[in-house]
Amino acid sequence: MARLGQCNFVICITFPLLEPAGTWGERECCHRLRQVQAIVNRSNKPKSDGILCILGIDSRYNEGCRELANYLFFDLYNMTNIDCDTADLPDEVLDDVILLIKSQSVHLYCNPVNYKYLLAYVAHWRNLHMHCLTEKEYQDEEAAEEFKIASFVNMVRDCSRIRVPYSSQGHVQKFDMFIVEKWPIIQAFALEGIGGGGFFTMTHELFDASEELWQAYTRLDPTSLETLITEELMTFDRQWACFFSNFDIEGSSSILEISEAQAGEPFRSYFSHGLITSHISDKSISRQPFILFGCHSTKENLNTYSFTFPSEGHLVRNAGNQGGTAKHMVVQCVAPRGALACSRTYFFGTSHVPCMGNDNEQPRNKELT
């Protein structure tokens, strides 16, 4: 049986590259790979030999691995992307992928069906080792499974320290190498004859790569910038429109009764819903929304503010000096995913009493606003 990809070879493209919608190309594909490869050498933890990414049933559908695959393959494995060319492929076929990313090379196992979808992304990767059967060979399920196991064993043969994208940004888990040991392809490593002999964790040290990968995911590149401008910015802008609608009320007396909690509801809902699918590692005030009225907008109030417990008692009519009407408010909206954040100070009408040139006739207003 001829087995492709046991060593480096030149990829021969025999069919058109399938390119999904979006602004990406050779540079973007290689740039994202380099971002991940840099983690292998730049880790604060013990130096590792590579980052292992296993998709589908072979990793018990690990979300961290899927997240890394979506980063490298530009959301090819995004379950909400129903318009993608791969939507009609069975999950077990599309997910049949194993990646081992080393500092200077990459090993990729795939099948002849998903190969043509992956090729557009990996064709320009340097030092790429492909492990893939022909379509005829793939029809023999037993032989195909043996080939997958043998490919995995060959990938990790020279590695003793391996990192795994264990958690996704939306589902943070404490790293447990014994859970990884239970992944089907990891268990298959111990099979006699085709396996590596012995349990995987007896010959390989495992580490978590999740947090450093999250930092790579948040760095802007041309593709993520396009998404930021065409999708996230529009959603971000709508939150401000909802915010201003709270003050678009007839009669100033109605505005006076608005509380900080009521005014900030659009920003809180937007941020809270986004937290369901993202992990915010920065807990500082710069990464959470807030709305503070009048004297309640001091530095001390900002430092102790929590968006989950907004004030119902601070109203426009009582948040000013000495319990009077507030003359301004400090506002911040933050995108739960991405780098968007905007802070503004707004004033309720005229907040300054001008000096008319004669202190005896027009005393200056010494109140702070």
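This is a predicted model: local features need pLDDT of at least 70, side-chain atom pairs count only at pLDDT 80 or more; totals for chains, interfaces and linings use all residues.
Colleague: At what angle do H11 and H14 pack?
Modeller: Helix H11 (residues 222-245) and helix H14 (residues 265-275) pack at about 150°, with axes 8 Å apart. Helices here are DSSP runs (H or I, at least four residues), numbered from the N terminus. Axes are lines fitted to C-alpha atoms over the stretch in contact, and angles run from 0 to 180 degrees between N-to-C directions.

Colleague: Which description of direction follows from that angle?
Modeller: H11 is therefore roughly antiparallel to H14, a term for angles over 145 degrees.

Colleague: Which residues of H14 make the contact?
Modeller: Pro266, Phe267 and Tyr270 of H14 do, meeting H11 residues that include Phe236 and Trp240. Contact means heavy atoms within 4.5 Å.

Colleague: Changing topic, how many cavities are there of 30 Å³ or more?
Modeller: The count is three. On a 1 Å grid over the protein atoms alone, a cavity is a set of points where a 1.4 Å probe fits but cannot get out.

Colleague: What volume has the second largest cavity, and what lines it?
Modeller: Its volume is about 50 Å³, meaning the space filled by probe spheres set on the points. The lining includes Ile54, Tyr61, Arg66 and Asp95, lining residues being those with an atom within 4 Å of a point.

Conventions:
Residues are numbered from 1 along each chain as its sequence is written. Side-chain values use heavy atoms; hydrogens and water are left out. Helices (H or I, at least four residues) and strands (E, at least two) are DSSP runs, numbered from the N terminus. Angles under 35 degrees count as roughly parallel, over 145 as roughly antiparallel, 65 to 115 as roughly perpendicular and the rest as oblique. On a 1 Å grid over the protein atoms alone, a cavity is a set of points where a 1.4 Å probe fits but cannot get out, and a pocket is an open set with protein on both sides within 12 Å along at least five of seven lines; lining residues have an atom within 4 Å of a point.
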